[in-house]
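Some comments follow on the charged pairs and the nonpolar cores. Please read them alongside the structure.

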Amino acid sequence: MDNDKRKELLEKFANRTLTPKELDEFWMMIKSGAHQELLEEDIDLEPLNVREVPVDIDESLSNIKNSLSSQIAQKKHPLKLIYKITAAVAAIVLLVGGFKGHQHFNYIQDTKTFITVNVAVGKMQKLILADSSVVTVSSGSTFSYPKAFTKTERRVFLTNGKALFEVKKDPSKPFSVESGDLQTTALGTSFTVQYNESYQWEKVSLYTGKVVIKPRNKASKQAPVFLTPGKAYEYNYGSGNMSRFDVVVNDPIGKPELLFEHTSLNEALFRISSYYKIRIDFNPKATLSFTVNGDFSNQTVDETLKNLAFIHQLKFKKTDSLNYRLMKK
């Protein structure tokens, strides 16, 4: 960018006639410090590095005044110099204040802009959030998060499926996952949240740190649940608002998605349903005592359901490409 273009941007900024594209060019110029040559031409002062001016306006003024005051004593024409200094301070404060306002506007917009991830069947997606927390979203899952977190909280949403959270520690900004009826909050922790919207089933498994689980509905009388590592909380609104504690075997990082270890058949079916984005009709009360062991990751959904039906002396019927029925023989 040449000096003529820089002068044009400065003049348009002063007159508030910049186009959106020119406004972006203007702030790029200010961030790079390329406008300093123009200030040196118009104002007979040693250059001030705007890039080093703090974002806080009061602190900026103080630093600028301190820097300029030492120059006053060295000049021969103080009145003329004071006039130039006043102009310089006003110009720089305008630039710093305008840049701060521009940044704040973009930040507010980012906190209101959500990104939604829909993971394809058989795939997995790893995300790095604005706070450097890592989220691994499983097959068939839907997950939403803001481009930037607010100053008081970090809130994300699991609409369906399963996600593993490795949360960056920040005591001043709790990290909350909203899923179905539950809100799971942590400070610096690793845990998974599973939610199947069709069955209104949820499960939170904790590996490190601590989490507190409470209803999203503030009017609910259900008491918060605190988990310690190696424990899980299961909530099934669809089968009578039942909840129970369970033992988490170990951290799932690197393990197959459809590996079941002493897993209840009901949970296995919930997870298979989310993984393949299908609907499996069955009676959860009739299968409550059944458990599943084994890795079903390399099988088709038909093979998986056929094997589970055989193990537990059940039968399954495929009603269409997205719907199955599991029942007693």
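1. Asp302 has a relative accessibility of 28% and so counts as partly exposed. Lys318, at 43%, is likewise partly exposed. Their side chains form a salt bridge, with N and O 3.7 Å apart. Because Asp302 sits in helix H7 (residues 301–311) and Lys318 in strand E17 (residues 314–320), the bridge ties together parts 16 residues apart in sequence. Note that this is a predicted model.

2. Some salt bridges share partners: Glu153, Arg155, Glu178 and Arg216 are joined into one network in this way. Over the whole structure, the search finds nine salt bridges.

3. Arg271 and Glu267 also pair through their side chains, at 3.4 Å from N to O. Both residues belong to helix H6 (residues 265–276) and are four residues apart, which means about one helical turn lies between them.

4. Glu261 is partly exposed at 31% relative accessibility, and Lys255 is partly exposed at 23%.

5. The largest nonpolar core has 29 residues, of which Phe143, Val156, Phe165 and Phe191 touch the most other members. Strand E5 (residues 154–166) supplies the largest share of this core, four residues. Another core, of 23 residues, lies apart from it and includes Leu258, Leu269, Ile278 and Ala309.

6. Which residues does Phe191 touch, leaving aside those up to four places away in sequence? Among them are Ala163, Leu164, Phe165, Val167, Val177, Val204, Leu206, Tyr207 and Val211. The contacts of Phe191 also include Thr184, Ala186 and Ser205.

How values were computed: Residues are numbered from 1 along each chain as its sequence is written. This is a predicted model: local features need pLDDT of at least 70, side-chain atom pairs count only at pLDDT 80 or more; totals for chains, interfaces and linings use all residues. Side-chain values use heavy atoms; hydrogens and water are left out. A nonpolar core is a set of buried Ala, Val, Leu, Ile, Met, Phe, Trp, Tyr and Cys residues joined through side-chain atoms within 4.5 Å. Buried means under 20% relative accessible area, exposed over 50%, partly exposed in between (1.4 Å probe, protein chains only). Helices (H or I, at least four residues) and strands (E, at least two) are DSSP runs, numbered from the N terminus. Contact means heavy atoms within 4.5 Å. A salt bridge is a side-chain nitrogen of Lys or Arg within 4 Å of a carboxyl oxygen of Asp or Glu.
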